[in-house]
Amino acid sequence: MDTKELLKKVRKIEIKTRRLSDHIFGGEYHSTFKGRGMTFSEVRQYQFGDDVRNIDWNVTARYNEPYVKVFEEERELTMMLMVDVSGSELFGTEQQFKNEVITEIAATLAFSATQNNDKIGLILFSDKIELYIPPKKGRSHVLRIIRELIEFEPESKQTNVAEALKFLSNVMKKKAIVFVMSDFIADDYQHTMKIVSGKHDVTGIRVYDKREEEIPNLGMVQMQDEETGELMLVNTSSKKVRLNYSKFYNDKVNYYKESFTRSGAGTIDCRVDESYVKKLLGYFKRRG
């Protein structure tokens, strides 16, 4: 993709997703994700009903009358976008590939965070960390994130969610709002998920295509595994083949839901032909 075409794509995504975050998600995001704690603001004279635990004894001793510390919510947050860039994201039978929908969701979330003056960081992962952009503020930073989401070419096509979560734990020492975006055709990450969720506010966004849910009966079909590159002839007219695939797929989906729910994390399921706007808004409202 040449620079002109890339900039055109970035601009197109910015216009669409910024409008959404300005008019729809800004307030919802603000009310859903509270500040990470209370920060000291000032002292004032004690009033009836104040919590005695907030008395500032040094100031009280100085003025010979009780003064209390006043705290306010610390609003500034850090959002980390964790995006699966493995081979299976380059799939789609409707208008868009999964990775294109993920890019739009990530951009919408990033602009919503920017409205709140929060920092935004990015982790692109396959079965290893492909790219890490440390959290920063501002529009130009968000545009860089969008640019990477559009044009980045991963070295590996396979997936390891646990590896990405371990990396997040190592680089993010303070509590962050974390969105993990993937189709979650993976396993062995439940334990790591539990550790990460104990420290951060985590939401999994599963983006999938309806054609992945089951194999249609099309006779003998040559298929390619996007992650391994393996070509194989599959007899889709075999009921056993179709049932085995359905079981494999449903097991992965159930593992994802169980892993996130058990560890106290949130989940959003979004099919590529559905409105991610409605999905995000519904999730924000339920949590708000």
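Tutor: Let us begin with Asp251, whose place is in helix α7; helices here are DSSP runs of H or I with at least four residues, and strands are runs of E with at least two, both numbered from the N terminus. This is a predicted model, in which local features need pLDDT of at least 70 and side-chain atom pairs count only at pLDDT 80 or more, while totals for chains, interfaces and linings use all residues. Residues are numbered from 1 along each chain as its sequence is written, and side-chain values use heavy atoms, with hydrogens and water left out.

Asp251 counts as partly exposed because its relative accessibility is 38%, given that buried means under 20% relative accessible area, exposed over 50%, and partly exposed in between, with a 1.4 Å probe and protein chains only. The side chain of Asp251 makes a polar contact with the side chain of Lys247 at 2.8 Å; such a contact is a pair of N or O atoms within 3.5 Å, where within protein one must be able to donate a hydrogen and the other to accept it, and residues adjacent in sequence count only if both atoms are side-chain atoms. Asp251 also lies 9.9 Å from Ala186, C-alpha to C-alpha, although 65 residues separate the two in sequence.

Widening the view, helix α7 runs over residues 239–262, and its 24 residues reach 34 Å from the first C-alpha to the last, close to the 34 Å expected at 1.5 Å a residue, where the expected span is 1.5 Å times one less than the number of residues. Buried in α7 are Ser246, Tyr249, Lys252, Val253, Tyr256, Ser259 and Phe260, and their cover includes β6 (177–182), α6 (190–199), β7 (201–208) and β10 (266–271). Just after α7, Gly264 takes a positive phi of about 85 degrees.

Conventions:
Contact = heavy atoms within 4.5 Å.
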